[in-house]
Amino acid sequence: MGKLLEPIWGSKEFLKFIFAVNFLTSVCVFITAIALYGVTRQENYLYMPLSGFHGVLAGFLVGINQMVPDQELPRLKIKAKWLPSLMLLLSMAISFFTPESATYLSNLIFGTYMGWIYLRYLQRKPESKHRGDPNEDFAFSTFFPEFLRPIIDLIASKFHRNLCGKSEAFIDTLGYSLGSAPLPGSDPIEASRRREKGAGALEERLAAESLIAAGKKSEELQINGTNNV
């Protein structure tokens with residue numbers, strides 16, 4: 001995933017994403033553990049080991065969703081936009097059967113959301129000199145099936161007001177209408193350019209892997225032929 005995202009974001013932005021998502025995920029997991037202890041008074045929430053890179057990996061899936069949402073993965077035969085929700089669904093299902101894996105579930109959930117928060121509101125766009133990606137196609141509810149989107153939109157709208165309500169109010173005081181003018185960075189041409197770039201990088205990566213696999217196979221055939229001789 002890093003080999004796909006780093007060439008598009010740049011090494012500096014790639015590292016910023018890793019540190020920001022990992023830090024925000026850790027803070028949210030810590031607060032959740034303290035809150036669960038306060039509600040249940042069960043001390044296992046205080047001493048449960050919570051660590052790992054799972055949150056950043058979940059955030060990488062969100063990044064791939066942003067870059068190539070409609071790209072179909074060759075082996076899985078699913079579109080990239082469903083990767084975050086499928087990962088969360090499988091993780092929840094596994095946690096019911098293996099209780100020890102439930103300790104990583106909070107990292108995956110908060111990693112997915114914090115990765116989206118960073119890309120939606122915080123990531124700097126050097127080509128447009130704006131932050132975030134307010135495109136409607138990258139709304140958090142688009143990660144989920146149609147019947148769940150009204151519920152997700154209701155919850156996400158509250159976070160949206162807290163995160164960017166002040167900035168939108170400031171724009172309104174300057175006399176700009178958000179209804180008639182597109183938000184900075186929401187230009188469909190810019191979004192299309194970004195996705196084309198991501199799709200090209202993914203195709204190059206898949207082509208390189210297929211060439212490597214073909215080379216290894218030919219080497220094995222040569223070695224087997226030599227051994228037979």
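Is glutamate 146 buried or exposed? Glutamate 146 is exposed, with a relative accessible area of 58%. Keep that residue in mind, as it returns below with a partner. The model shown here is predicted.

## The chain as a whole

The protein chain has 229 residues, and 35% of them count as buried. Its secondary structure comes to eight helices and two strands. Along the sequence, the pattern reads α-α-α-α-α-α-β-β-α-α.

Start with helix H1, which covers residues 2-9. Four of its residues, Leu4, Leu5, Ile8 and Trp9, are buried. These four span an arc of only 100° around the axis, so they sit on the same side of H1. Now turn to the face of H1 that points away from this buried side. There you find the exposed residues Lys3 and Pro7.

## Two salt bridges

Side chains of opposite charge can pair when their charged atoms come close. This structure holds two salt bridges.

One joins glutamate 13 to lysine 16. Their closest N and O atoms are 3.6 Å apart. Both residues lie in helix H2, three residues apart, which is about one turn of the helix. An α-helix has 3.6 residues a turn, so residues three or four places apart point the same way. Glutamate 13 is buried, at 9% relative accessible area. Lysine 16 is partly exposed, at 35%.

The other salt bridge brings back glutamate 146. Its side chain meets that of arginine 149, at 3.0 Å from N to O. Glutamate 146 is exposed. Arginine 149 has a relative accessible area of 19%, and it counts as buried because the cut-off is under 20%.

| Residue | Relative accessible area | Class |
|---|---|---|
| Glutamate 13 | 9% | buried |
| Lysine 16 | 35% | partly exposed |
| Glutamate 146 | 58% | exposed |
| Arginine 149 | 19% | buried |

Which residues make the nonpolar surface patch of about 740 Å²? They are Phe23, Val27, Phe30, Ile31, Ile34, Leu46 and Tyr47. Helix H2 (11-40) and helix H3 (44-47) each supply at least two residues of the patch. H2 gives the largest share, with five residues.

Take phenylalanine 30 as one example. It lies in helix H2. Phenylalanine 30 is exposed, because its relative accessible area of 56% is over the 50% cut-off.

An unreviewed UniProt entry places the feature "transmembrane region" at residues 14-39 and 45-68. How do these two stretches look in the model? Residues 14-39 are 100% helix and 0% strand. The end C-alpha atoms of that stretch are 37 Å apart. Residues 45-68 are 71% helix and 0% strand. Here the end C-alpha atoms are 38 Å apart.

## Aromatic rings

How many aromatic pairs does a search of the whole structure find? It finds twelve. One of them joins tryptophan 9 and phenylalanine 14. This pair is tilted, with 6.5 Å centre to centre and 45° between the planes. Tryptophan 9 counts as buried, at 11% relative accessibility. Phenylalanine 14 is buried too, at 10%.

## Two loop residues

Proline 69 sits in the loop between helix H4 (54-67) and helix H5 (83-97). Is proline 69 buried or exposed? Proline 69 is buried, with a relative accessible area of 9%. In sequence, proline 69 and tryptophan 82 are 13 residues apart. In space, their C-alpha atoms are 8.0 Å apart.

Tyrosine 104 belongs to the loop between H5 and helix H6 (105-122). Tyrosine 104 is partly exposed, at 36% relative accessibility. Tyrosine 104 and valine 29 are 75 residues apart in sequence. Their C-alpha atoms are 9.8 Å apart in space.

Key
Residues are numbered from 1 along each chain as its sequence is written. This is a predicted model: local features need pLDDT of at least 70, side-chain atom pairs count only at pLDDT 80 or more; totals for chains, interfaces and linings use all residues. Side-chain values use heavy atoms; hydrogens and water are left out. Patches are made of residues with over 30% relative accessible area and no salt bridge: like charges are joined within 9 Å, nonpolar side chains (Val, Leu, Ile, Met, Phe, Trp, Tyr) within 5 Å. Accessible areas come from the Shrake-Rupley method with a 1.4 Å probe; for residues, only the protein chains shown count as cover. A salt bridge is a side-chain nitrogen of Lys or Arg within 4 Å of a carboxyl oxygen of Asp or Glu. Buried means under 20% relative accessible area, exposed over 50%, partly exposed in between (1.4 Å probe, protein chains only). The arc is that of the directions from the helix axis to the C-beta atoms. UniProt positions are given in the numbering used here, feature names are shortened, and annotations may be inferred rather than shown by experiment. Rings of Phe, Tyr and Trp (its six-membered ring) pair if their centres lie within 6.5 Å; planes under 30 degrees apart count as stacked, over 60 as edge-to-face and the rest as tilted.
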